[in-house]
Every structure is written in structure tokens, then in C-alpha cells.
Amino acid sequence: MQQSQQSETSERPKGEALPAQRIGQAFARASSEGRCALIPYLMCGFPSVEQSLEAIVAAIEGGADLIELGLPFSDPLADGATIQHASHQALEQGINVAACLSMARQVAARSSVPLILMGYYNPLLAYGVQRFCREAAAAGACGLIIPDLPPEEAGPLLKAAHEEGLALIFLVPPTTPDERIATIVRVAAQEPRGFIYCVSLSGVTGARASLPPHLQSFIARVRRQSAPYGLPLAVGFGVSRPEHVAEIARYADGAVVGSALVNLLERHAADGAAQRAAVRDYIRSLRERTARLP
């Protein structure tokens, strides 16, 4: 697949804040309030464009600190059955990269909550890495999460993202050796930066009944590498319940919730008002447990 040859970058007025800085500000604001940041994940275009836009706004109203917007892909290898289903549904409705950027633009017009785009590398290559980053920044995105892109191969996207002031956020699974965690952290700490996405378990996304027993020690291992850089740590995969968020708040800086939201949207797909209320109430119930209790 050929990468776009476009090379123009956006010209940013001198002194203007970079989009990625809003990610750090969101974590700093949550920390100053004695809590971890709450990061809901929603798939663009699921169950429909209109409903996903309303769900994003409802999540913001419920207390989201940042929003992770999923870009649908036919082979989402990091995702479990729930998000795979949402991705398939969105693709069937014709949701593509351009449609996702349009949705990000619409959300950014209604809220200042930082937006992070999560997708796989193949569609970005097809769209053109530089073009994607330029349009993502123009649409109001602050950062990118690309689960299938290791830091060793991230050079072109890292360069294009940084030229547009976007953070490239890397995932760290619990099986990662300390030496590799150090490598990932060094790449992720380059400015402009976001946070480290700590994957709670070995496997794919999907709501679980409980968090893995090793999670705290895993976060401590990552923290030893990230602390010198001051990079926030957010935990995702398997996070679905208020008590999960409460536990994560004890030792991490953010909690990402995805599959449970997708399930919620599907349960209330027939009634838009009930769907918005359910999302708002669910996010509010999670937000209430973000306090950093001893």
C-alpha cells in the first residue's frame, strides 16, 4: 500500500499551544483534584453516526476527562468480540477514516475535552500518514493510539504526528520485559507527548468481572521507567465497573473504559434518549470512583 507523498504540515502561530499539551493538562487537572482521569472509548459510527455523536457528548456530560475515538477496521487484532462487532457494524455503514475525522471535528466543536484517535496502521497508511495527522490535528484531535505499531517501526508516524503537535501513545502489555518498557517510555516521552497506555492483561479488549491480581505490580514496573519523564499511566482492557476505576485510581493516573460502553449503546440502541441517559449515568458512576483514596 502506497503512502501519500504529501509533505505539507500545518503552520502553527508562534506560541500557540500544541494539541498534545491538552492531554497533559487533562491529567494534571484530574491529579490536582485528587483523582485519576477517566477516558471512555467509543467507536465512531456505532450504532450509528448520530447515536455515537450523542453518546460521546453524553460521556463528556457524565464527567469524561478525555475521549478515545475508535476508528473501525476489518481486522482489529487488539480488540475482543464486543469492539470487533462495533467495528464491523460501523464499517458496514460506510464509516471510514474521513468520516471519523468529520465526527472528531463535530465533537471538538461542541466540547473542549481532548480527543484521542485509536485505530490500526493499515488504514492510516492507505489514507496517507502525513495527510491523516494534518487532518486529525485540524479536526481537534490531540493524540493517536495505534495498537499494531511498535516503537521500532513508528518513525514515519511519530514524525508526522509531532509535526502537527499530536502525541503518539504506545501500549505496554504486562508481559513486556523491563528493558523494552524502558525503550517504549523513551520513545513515548519525546515531545509532544501524551501518556503510556498500560494494558491490564495479556489478551484483547472486553469487559471482565475483575482486574488481574498482578495489575498493581505491573503498573509499579512501568512507573519505575516512566517516573523520570513524568509520563502519566492509564490502564485499559477489562475495565468496566466503578470498583475497577476505584482500584486503578490508587496507583495509576487514568482509567480507560471501552467494551462496557459498547454493550451499553447496543442495549439502548432503539431509544436515543434512553441511550444518552444510560451513557451519562454510567460515566457519572465511574467518575464518582476516580478519587485517589489510600
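Reader: What does D178 count as on relative accessibility?
Author: A word on the ground rules: this is a predicted model, where local features need pLDDT of at least 70 and side-chain atom pairs count only at pLDDT 80 or more, while totals for chains, interfaces and linings use all residues. Residues are numbered from 1 along each chain as its sequence is written, and side-chain values use heavy atoms, with hydrogens and water left out. Buried is under 20% relative accessible area, exposed is over 50%, and partly exposed is in between (1.4 Å probe, protein chains only). D178 comes in at 30%, so it counts as partly exposed.

Reader: Which residue forms a salt bridge with D178?
Author: A salt bridge here is a side-chain nitrogen of Lys or Arg within 4 Å of a carboxyl oxygen of Asp or Glu. For D178, the closest N and O atoms of the pair are 2.5 Å apart, and the partner is R221.

Reader: How many residues apart in sequence are the parts that R221 and D178 tie together?
Author: Helices (H or I, at least four residues) and strands (E, at least two) are DSSP runs, numbered from the N terminus. R221 is in helix α9 (residues 215-226) and D178 is in helix α8, so the separation in sequence is 43 residues.

Reader: R223 pairs with D253; which loop holds D253?
Author: The closest N and O atoms of R223 and D253 are 2.7 Å apart. R223 lies in helix α9, so the bridge spans 30 residues of sequence to reach D253 in the loop between α10 (242-251) and β9 (254-257).

Reader: Is D253 buried or exposed?
Author: R223 is partly exposed at 26% relative accessibility. D253 has a relative accessible area of 16%, so it is buried.

Reader: How many of the 10 residues of helix α6 are buried?
Author: The buried residues of α6 include V129, F132, C133 and R134. Helix α6 (residues 129-138) is largely enclosed by the rest of the structure, because the number of its residues that are buried is seven.

Reader: What covers the buried residues of α6?
Author: Contact means heavy atoms within 4.5 Å. Just after the helix, G140 takes a positive phi of about 105 degrees. The cover includes α4 (97-110), β3 (115-118), α5 (121-127), β4 and α7.

Reader: What is the radius of gyration of the protein chain?
Author: The chain has 12 helices and nine strands, and buried residues make up 56% of its 294 residues. The radius is taken over C-alpha atoms, and the globule rule is 2.2 Å times the number of residues to the power 0.38. A compact globule of 294 residues would be near 19 Å, which agrees with the chain's 18 Å.
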